Amino acid sequence: LARFHQYATDTYKLDIAKNKWISWGGSYPGMLASWVRLKFPHLIHASVASSAPVHTKLAMPEYNDHVAFAFGLADVGGSDQCVAAITSGHAEIGAMMKTDDGRKKLKVLFPSLPSADWLKTRANQAMFAGEGVAQFPAQDNDPSCTDPACNIEKICEMMATLETDHVAALAKVASVQAAWDKTGFFYSFEETKAADELPAFWFWQTCAEMGFYQTCDVGSKCMYTQGLNTLEDNMGPCTTMFGIDAATVAENVNYTDLYYGGLHPSGTKVLWPNGEVDPWSTLSVLKSPGLEQPVLYVKGASHHFWTHVPKPTDQKPIVQARLAIRKQVSDWLSEP
């Protein structure tokens, strides 16, 4: 980014004193937006670091814990009853996968499963229920979506239709989502990609710098089948794919946090907007590190939703967030 700054300045004959740069990004680009301002303040005048999880951390149980928090928020259509139903259903699925009869029932409820016997191995159980048997959007929650079970509110409404049979309710959510899903979430389990075919560029970065392994540990608030998605499970490919052992991964992640300052970065003119519903906010700056690093907490908002193309259906907090960001940037640009 610093080299691009130099290239653009030279190519377009920009005056550093007059042409002030604002770095801008959401999520990982938000991390970069903050870091380039903090590390190169002579080049970047100010930064807007939206939904930027700058606290690099090896295990991130906070992610799935916060998904449960989001599904309990009434202002986005969630409830404690909804969280309890999703959690109960996944716990029951965990028990069902341990018996022949239970596995047969799951095959009937979830027809996309290859077979009942396929659920006998822990690896396949984890693939099925370790990260949820359906999509549970908190990071990507869109209050204005129209497809069935496409957001927190619609999922919670559907979970409530089968008050006592939570497994059947989860199966219903998965079924209606599969009808419109275009992301590949409901892939054929028999065609699951091998570890060496995963998007290696980002996964390598988690091993070399970031961590962020979103676990679902026993005893946590995670709504999915607990114990099938552990830190060991997440870190295994670091060794098999890249030859980076677990101890080195931990050292890498800790060094990144030390190098950039984690939740206590030293610097000025960085705005930290975060959404209430966003699980990544748990590792972002929610408390101002100083007078010249303001924070902005957007009620009901998912992962940097205010950076999306504006829609007439945008909630009031999203509209207000955009205005607040614009004002802050304008104020910084007006400084001598």
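Author: A disulfide is a pair of cysteine sulfur atoms within 2.5 Å. Heads up: this is a predicted model, where local features need pLDDT of at least 70 and side-chain atom pairs count only at pLDDT 80 or more, while totals for chains, interfaces and linings use all residues. Residues are numbered from 1 along each chain as its sequence is written, and side-chain values use heavy atoms, with hydrogens and water left out.

Reader: How many disulfides does a search of the whole structure find?
Author: Let's start with one you can look up: Cys82 and Cys156 are bonded, with their sulfur atoms 2.2 Å apart. Cys207 and Cys238 make another, at 2.1 Å between the sulfurs. Search the whole structure and the number of disulfides comes to four.

Reader: What is the angle about the S-S bond in the link of Cys82 and Cys156?
Author: Both of these cysteines, Cys82 and Cys156, are buried (under 20% relative accessible area; exposed is over 50% and partly exposed in between, with a 1.4 Å probe and protein chains only). Their link is left-handed, and the angle about its S-S bond is -85°.

Reader: How many residues apart in sequence are the parts that Cys82 and Cys156 tie together?
Author: Helices (H or I, at least four residues) and strands (E, at least two) are DSSP runs, numbered from the N terminus. The disulfide has its sulfur atoms 2.2 Å apart. Cys82 sits in helix α4 (residues 80-96) and Cys156 in helix α7 (residues 152-159), so the bond ties together parts whose separation in sequence is 74 residues.

Reader: Which helix holds Cys238, the partner of Cys207?
Author: Cys207 and Cys238 are both buried, and their link is left-handed, with -85° about the S-S bond. This pair links distant parts of the chain, 31 residues apart: Cys207 is in helix α9, and Cys238 is in helix α10 (residues 231-242).

Reader: Are Cys216 and Cys222 buried or exposed?
Author: Their sulfur atoms are 2.1 Å apart, and they form a disulfide. The link is left-handed, with -100° about the S-S bond. As for Cys216 and Cys222 themselves, they are both buried.

Reader: If you number the bonded cysteines of the protein chain in sequence order, what is the pairing?
Author: The search turned up four disulfides. Number their cysteines along the protein chain in sequence order and the pairing reads 1-4, 2-3, 5-8, 6-7.

Reader: On to the rings! What is the angle between the planes of Phe203 and Tyr213?
Author: Rings of Phe, Tyr and Trp (its six-membered ring) pair if their centres lie within 6.5 Å; planes under 30 degrees apart are stacked, over 60 edge-to-face, and the rest tilted. The structure holds twelve aromatic pairs. Phe203 and Tyr213 make a tilted one, 6.3 Å centre to centre, with an angle between the planes of 50°.

Reader: Which strand holds Tyr213?
Author: Phe203 and Tyr213 are both buried. Their pair links distant parts of the chain, ten residues apart: Phe203 is in helix α9 (residues 200-210), and Tyr213 is in strand β4 (residues 211-213).

Reader: Which residue lies over the face of Tyr259?
Author: Tyr259 belongs to one aromatic cluster with Trp35, Tyr255 and Tyr260, and it counts as partly exposed at 41% relative accessibility. A charge sits over a ring if NZ of Lys or CZ of Arg is within 6 Å of the ring centre and within 35 degrees of the ring normal. At 4.1 Å from the ring centre of Tyr259, the residue over its face is Lys39.
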